[in-house]
Amino acid sequence: MEVRIHEDMLNHILHGAWQAEYLNLDLEPEVFEETISALGASDMAMTVFPLLPPMVTSCTDDGELEVHIGAVLCDATFDFNGVPAGFKLYASIKTEIEIKVVDNSGPQAELGVMIKELEDYQVDVLDTQGLGRIGPALVEAVLTEALVQLLVDDVINNLIA
């Protein structure tokens, strides 16, 4: 059996999830530990507030589905070499996705979303605390790519849940 889900319906679901604040996330330190421990940082906690709803579109060069997650405010606190630190930034992410039927251990299969390729991202650091003058450069150079991947994984997984 084949099921077709129109992207307008997906966008209505995403808008409803955003409006009901299901996309607001509180990420615990365990999520970041592997990424930041080598940098002398620990205990990072982050609150994620999408200021706009995500949007799915197939109006792309190759006709593949993309999800746009834009205007996400991230507010993080952590310890950096024993000193309390933090940052606030805006992120905007565009990633290619595929909706697939996933076999599970139960009698029924489920629909799932597979992240295929991170197309584009932008990060604007608003503020840093406890990192001195190099704070914005440090956040952009070291944490941005890992942070974007974590956001994509966690936001998409939260949508699926």
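Aspartate 62 is partly exposed, because its relative accessible area is 48% and that class lies between buried, under 20%, and exposed, over 50%, with a 1.4 Å probe and protein chains only. Aspartate 62 sits in the loop that links strand E3 (55-57) to strand E4 (66-80). Helices and strands here are DSSP runs numbered from the N terminus, H or I of at least four residues for helices and E of at least two for strands.

This is a predicted model, in which local features need pLDDT of at least 70 and side-chain atom pairs count only at pLDDT 80 or more, while totals for chains, interfaces and linings use all residues. Numbering starts from 1 along each chain as its sequence is written, and side-chain values use heavy atoms, without hydrogens and water.

Asp62 belongs to a patch of negative charge on the surface, together with Asp61, Glu117, Glu119 and Asp120. A patch takes residues with over 30% relative accessible area and no salt bridge, joining like charges within 9 Å and nonpolar side chains (Val, Leu, Ile, Met, Phe, Trp, Tyr) within 5 Å. A salt bridge is a side-chain nitrogen of Lys or Arg within 4 Å of a carboxyl oxygen of Asp or Glu. Aspartate 120 is in strand E6 (residues 110-129) and is partly exposed at 38%.

Phenylalanine 49 is in strand E2 (residues 41-50) and, at 34% relative accessibility, is partly exposed.

Next, the hairpin. E4 runs antiparallel to strand E5 (residues 83-102), with 13 bridges between them; strands count as paired from at least two DSSP bridges. Aspartate 75 faces lysine 88 of E5 across this pair. The hairpin leaves 2 residues between E4 and E5.

Now backbone angles. Most residues other than glycine have a negative phi. Asparagine 81, in the turn of that hairpin, has a positive phi of about 55 degrees, and counts as exposed at 57% relative accessibility. Aspartate 43 also is not a glycine and has a positive phi of about 55 degrees. Aspartate 43 is in strand E2 and is partly exposed at 46%.

Last, the whole chain. There are 3 helices and 6 strands, in the order α-β-α-β-β-β-β-β-α from the N terminus. Of its 161 residues, 34% count as buried.

Terms used: Accessible areas come from the Shrake-Rupley method with a 1.4 Å probe; for residues, only the protein chains shown count as cover. Lys and Arg count as positive and Asp and Glu as negative; His and the chain ends are not counted. The place of a charge is taken as NZ of Lys, CZ of Arg, CG of Asp or CD of Glu.
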